[in-house]
Amino acid sequence: MFRGYTVAVIIPAFNEADAIGKVIRDIPDFADTIIVADNNSTDDTATIAARLGAVVVPPEAVAAATSMEVQQAKTPTLYWHERCSPDC
């Protein structure tokens, strides 16, 4: 919770196994929910994200992920995390 608001972080991902762990670990503690919109990755992106406590949703496409994640977040405050390289 941040200043009285519930916070959900939504991370779109596709084959981000090398970076997803760092991205999730770097999210501030005030985030109540971390959602990874995994677009059918063929690597361990979803497994790593789930192991770190993220809610992983495997949608048919990124557009579907956007809609699904916003609906599942159930929070008025959203932070959208764009793709990040492993050294960010």
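Buried residues make up 38% of the 88 residues in the chain of this predicted model, and the chain exposes about 5,300 Å², of which carbon and sulfur atoms supply 53%. Among contacts in the chain with a separation of 6 or more, 63% are accounted for by residues 24 or more positions apart.

The secondary structure comes to 3 helices and 4 strands, and read along the sequence these follow the pattern β-α-β-α-β-α-β. Helix H2 (residues 45-51) has the highest mean pLDDT among the elements, 97, whereas strand E4 (residues 77-80) has the lowest, 58. Where pLDDT is low, the predicted coordinates should not be read in detail.

Strand E1 (residues 7-13) has 6 of its 7 residues buried, so this strand is largely enclosed by the rest of the structure. Strand E2 is likewise mostly covered, with 5 of its 6 residues buried. The strand pairings that involve E2 are set out below.

| Strand pair | Sense | Bridges |
|---|---|---|
| E1 (residues 7-13) and E2 (residues 33-38) | parallel | 6 bridges |
| E2 (residues 33-38) and E3 (residues 55-57) | parallel | 3 bridges |

Individual bridge partners can be followed across these strands. Ile 10 stands opposite Ile 35 in E2, and the bridge partner of Ile 11 in E2 is Val 36. Val 36 in turn has Val 56 as its bridge partner in E3. The chain passes from E2 through H2 to E3 in a β-α-β crossover that is right-handed, and E1, helix H1 (residues 20-25) and E2 also make a right-handed β-α-β unit.

The largest nonpolar core has 14 residues, of which Ile 11, Ile 20, Ile 24 and Val 36 touch the most other members. E1, H1, E2 and H2 each supply at least two residues of this core. In soluble globular proteins, nonpolar side chains tend to be buried together.

Leaving aside its neighbours within four places in sequence, Ile 24 is in contact with Ile 11, Ile 34, Val 36, Ala 49, Leu 52 and Ala 54. Two of these contacts, Ile 11 and Val 36, are themselves bridge partners between E1 and E2.

How values were computed: Residues are numbered from 1 along each chain as its sequence is written. This is a predicted model: local features need pLDDT of at least 70, side-chain atom pairs count only at pLDDT 80 or more; totals for chains, interfaces and linings use all residues. Side-chain values use heavy atoms; hydrogens and water are left out. pLDDT is the predictor's confidence in each residue, from 0 to 100. Buried means under 20% relative accessible area, exposed over 50%, partly exposed in between (1.4 Å probe, protein chains only). Two strands pair if DSSP finds at least two bridges between them. A crossover is right-handed if, with the strands pointing away from the viewer, the path from the first strand over the helix to the second runs clockwise. Contact means heavy atoms within 4.5 Å. Accessible areas come from the Shrake-Rupley method with a 1.4 Å probe; for residues, only the protein chains shown count as cover. A nonpolar core is a set of buried Ala, Val, Leu, Ile, Met, Phe, Trp, Tyr and Cys residues joined through side-chain atoms within 4.5 Å.
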